[in-house]
Structures are given as structure tokens and as C-alpha cells.
Amino acid sequence: MAEVIGLGMTHYPMLAGADTHMANLMKSVLKDPDIPEDRKDPDNWSALAQSEWGDDQGTTAAAGHRAQLRKGLDKVRAALDDFEPDVVLVWGDDQYENFREEVIPSFCVLAYADTEVEPFAVLKLLDVPNVWGLPDEERFTMKGDPKFAKQIATAVLNDGIDVAYSYEQREGIHFPHAFGNTQIFLDYDNVGKEFPYPVIPLAVNCYGEHVIARKGGIARFADIKAGENLDPPGPSPLRCFQFGQAIGRAARASDKRVALIASASWSHAFLNDKDWHLRPDIEADRALYDAMVACDYEAWKKVTTREVIEAGQHEMLNWFCLLGAMSELDLKLEWSEFVETEVLNSNKTFAIYR
């Protein structure tokens, strides 16, 4: 009989970088000439933002933020090891990586065999040194389970949820960092060594109307004002919740010990247009966090695509999938933590469901 655990974590790329570079996204935003100068002036920021920025542009705050995130990651990894899964299914966003102009699936099961992953490819693009001091070209193996991945895709399709599947990764681009970072962060003290569990990535088109329009990244306000050539929307929060329910049913019907992981930070400053990309939408995040702690799934199911986009909560669609599965399986929230920040781009949440 199958057993399932639910976990939530972040794949925040800058956590893999040195403290001196963790606030680089904010530094980049401050160079945007179309953001009003008074908004960019730290003297006009909140007390939290001023404290984080400090006199070293976030370097000291980065060390504290890293310590908080390490604590959450260590707790999630301990729960994973205690559970001893046969396989780990990870919901993560494809940020203009595996999927580009040729095709953008709403959901895709990556039914890959063992795959070589470049964990520092994103940092290399950003010219950021990794915190471990390892070579930029360092690679590790992500174990796969293509047979079970095909079983999951078949079960979900037979359950009435349209999901794509892929047998080979795209050439000429790094493996989607949402999944690569999930493995290295869960194995933070052993990066480059062998992670003991096979991983099945479940790619979600979290970026929706911005996936190609912004190429999964930061947009300058001059381009936004000029009028973006927006893409069709991604799957709605409700559809992600339903996808999660279907994955939950498929896991329950299997004969394996299955870990289900949502890998994503919550709202991102660089997606929060209404606040000039200077802070995440802490208020919107807190509202959903409170609903999660209260097991108020109806509140989550009522969230619209437009609300997600306006809050910069694009990547939270991965968490909608997780909560759908937890609702379906009636797993209980054992522990969670909300890590708040303004200068370091995104709020982060951790969770353990049993």
C-alpha cells in the first residue's frame, strides 16, 4: 500500500550564490530608470527593507536569510530521510528553460532516466560565484524513474487531467533550475555527491502570460509601458489544485512510498509590478499562508489567475498543486514556517505534511 508525505520548500537561485551577491536582483531593479527615484531611495523604504539593505547593500542580511533558509531546508530533508521515499515527485516552474517557443505545456511529467544537471548554470549566466566554491561547470546526476513517471502520467490522463510528458530534455540549455536547485538545496552539505532518491520533475507553466514575453525573468518598466506582447495564460490556480489532487490519487494507487514536493518561493519582487519590483507582495502571501495553516483549502481554490499575476505569485502555482494533493489525501500540516523579506526578492515558505 502506498504511503505519501508532502513537503514545501524554496529553490531560490541566489541561495546557491555568495552572500555578497544575494541582493543582486534588487541592485538590478534599482538601475531601472523608469522606476521613480523617490521609490528607489532607501530612506523611503519600510523599516524591514532599510534594515536588510543596511550599509552593505544586503550582504549582512543575506547571511541571516541563508541561516533561516538552511534551517528550513534541513528540517525538510530530515523529514524526507525519516520517510525513506522510493521516489520524489517535485512540482517546479519551467522558467523559459526546457520549454520555449516551440511548445509551452501547462503541465508536463519529465519521464527522464538518470540526468546530468549543471547546478550553477543560472549563477554563471548572472556572473555570480557559488557559495561552495565549486567549479562553474560542476555537474551532478539526478536519478530518474521513467517507468513510474509514465505510470503517473497515464493515471493522471485517465483521471481526466490533460498532462504532457517528455522523454528527453531540451538540448543547448541548462536543466530547469527549479528541479536542479531542489536537489542541491536538499543536499546542501553534499553538493556534487549522490542524492539517494530518484526524482520525477512535474513541470508547471507558472509564468503564463509572461513565460515568453519576459523570458521568465525581469522586465524593465519601459518595456512594460510600451505594451508587452503577452502570452496566453498558464493553468489557473484551481486547475493546479486539481492537478495536485490527481497526482495525489495516482500516488495513493501506487505501491510506493512517494514524497510530493512543491518547490517555489512565494511572491517575487521582480514580478510584482504594482510595487515597482522593489518588494514581494507580503500581504498577499501572508493571507494565503494563514489560510494554509488553517487548512482553508476553499480560500486557495477561490484565488484567480489575475490575483496571482498582480501579486507576483506566479511560482506559487506549484504550491497550489501540493495543497490539492494534501487535500485529496487528507494529510495534516505538521510544521510550517514563513520567512519574510523585502530586499532579498521573495518570501519563502517551508512545510511538512504527514
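This is a predicted model: local features need pLDDT of at least 70, side-chain atom pairs count only at pLDDT 80 or more; totals for chains, interfaces and linings use all residues.
Residues are numbered from 1 along each chain as its sequence is written, and side-chain values use heavy atoms, with hydrogens and water left out.

Let's start at Asn272, in the loop between strand S8 (257-263) and helix H10 (282-293); helices (H or I, at least four residues) and strands (E, at least two) are DSSP runs, numbered from the N terminus. Asn272 counts as buried because its relative accessibility is 0%, where buried means under 20% relative accessible area, exposed over 50% and partly exposed in between (1.4 Å probe, protein chains only). Its side chain makes polar contacts with those of Lys274, at 3.0 Å, and Asp275, at 2.9 Å. A polar contact is a pair of N or O atoms within 3.5 Å; within protein, one must be able to donate a hydrogen and the other to accept it, and residues adjacent in sequence count only if both atoms are side-chain atoms.

Now for the rings: the structure holds 16 aromatic pairs. Rings of Phe, Tyr and Trp (its six-membered ring) pair if their centres lie within 6.5 Å, with planes under 30 degrees apart counted as stacked, over 60 as edge-to-face and the rest as tilted. Trp45 and Trp53 are edge-to-face because their planes stand at 70°, with centres 5.7 Å apart. Trp45 is buried at 13%, and Trp53 is buried at 9%. Trp266 and Trp300 also form an edge-to-face pair, at 5.8 Å and 80°. This pair links distant parts of the chain, 34 residues apart.
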